[in-house]
Amino acid sequence: MRHDGVMGNRYDHPGEQTAQDPIRLLAVRDAPLSVDEILAAVGDDAAGGTALFVGTVRDHDGGVDVASLGYSCHPTAEAEMRRIAEGVAAKFPVRALAAVHRVGDLRVGDLAVVAAVACAHRGDAFDACRQLIDDLKREVPIWKHQTFADGTEEWVGA
């Protein structure tokens, strides 16, 4: 039942549905990332929930201390990000979506990826944001090169 006592579908109101063009920002950058920029990009008056994911460079991986880390990408990375974002927007009632991934040399604590999804309801926002970041990490051709404190190194995602 709606707030006015009339029976109706939860998604009858336009604000409950996917926005006309919910993809607000997608990018691969070699400069530091801004959480504030991503949150501003997904601002939407019809959104009651915004889910944000911030991926940072940690000081270890697989039980070994990380000495340095760099990301590189294929020229199609942004196009793949768009394909994934479109898929998330088709699956969930997304009002706004944004994601930016960093490339280049990063230090421990640096932001590597920031993604956010705004929906009318928090559950949809959480689910859509999780789908977005999981698909980005799995499918976008961005590779991580780690050098460890013991002198070994590895490529991840290559």
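Q: Which element gives the largest share of the lining of the largest pocket?
A: Let's start with the space itself: in this predicted model, the largest pocket holds about 570 Å³. Strands S2 (49-56), S4, S7 and S8 and helix H3 each give two or more residues to its lining. The largest share, eight residues, comes from H3.

Q: Which residues are the closest to the centre of the largest pocket?
A: The lining is made up of 27 residues. Among the elements that give two or more of them are S4, S7, H3 and S8. The closest to the centre are Tyr71, His101, Val113, Lys137 and Lys144.

Q: Is Lys144 buried or exposed?
A: Lys144 sits in strand S8, and beyond residues up to four places away in sequence it touches Leu69, Gly70, Tyr71, Glu154, Trp155 and Val156. Its relative accessibility is 14%. Buried means under 20%, so at 14% Lys144 counts as buried.

Q: What separates the C-alpha atoms of Lys144 and Gly104?
A: Along the chain, Lys144 and Gly104 are 40 residues apart. In the model, the separation of their C-alpha atoms is 9.5 Å.

Q: Which residues touch the most other members of the largest nonpolar core?
A: This core has 34 residues. Helices H2 (77-91) and H3 (122-139) are among the elements that give it two or more residues, as are strands including S1 (23-29) and S5 (94-102). Another core, of 13 residues, lies apart from it and includes Ala27 and Leu111. In the largest core, the residues touching the most other members are Val94, Leu97, Val117, Leu132 and Leu136.

Q: Which residues is Leu132 in contact with, leaving aside its neighbours within four places in sequence?
A: Leu132 is one of the residues that touch the most other members of the largest core. With those sequence neighbours left aside, its contacts are Ile84, Ala85, Val88, Leu97, Ala98, Ala99, Ala115, Ala116 and Val117.

Q: How many disulfides does a search of the whole structure find?
A: Take Cys129, which counts as buried at 4% relative accessibility. Its nearest cysteine sulfur, that of Cys119, is 9.3 Å away. A disulfide needs sulfur atoms within 2.5 Å, so Cys129 is in none. Over the whole structure, the search finds zero.

How values were computed: Residues are numbered from 1 along each chain as its sequence is written. This is a predicted model: local features need pLDDT of at least 70, side-chain atom pairs count only at pLDDT 80 or more; totals for chains, interfaces and linings use all residues. Side-chain values use heavy atoms; hydrogens and water are left out. A nonpolar core is a set of buried Ala, Val, Leu, Ile, Met, Phe, Trp, Tyr and Cys residues joined through side-chain atoms within 4.5 Å. Buried means under 20% relative accessible area, exposed over 50%, partly exposed in between (1.4 Å probe, protein chains only). Helices (H or I, at least four residues) and strands (E, at least two) are DSSP runs, numbered from the N terminus. Contact means heavy atoms within 4.5 Å. On a 1 Å grid over the protein atoms alone, a cavity is a set of points where a 1.4 Å probe fits but cannot get out, and a pocket is an open set with protein on both sides within 12 Å along at least five of seven lines; lining residues have an atom within 4 Å of a point. Grid points are joined across faces, edges and corners, and a volume is the space filled by probe spheres set on the points.
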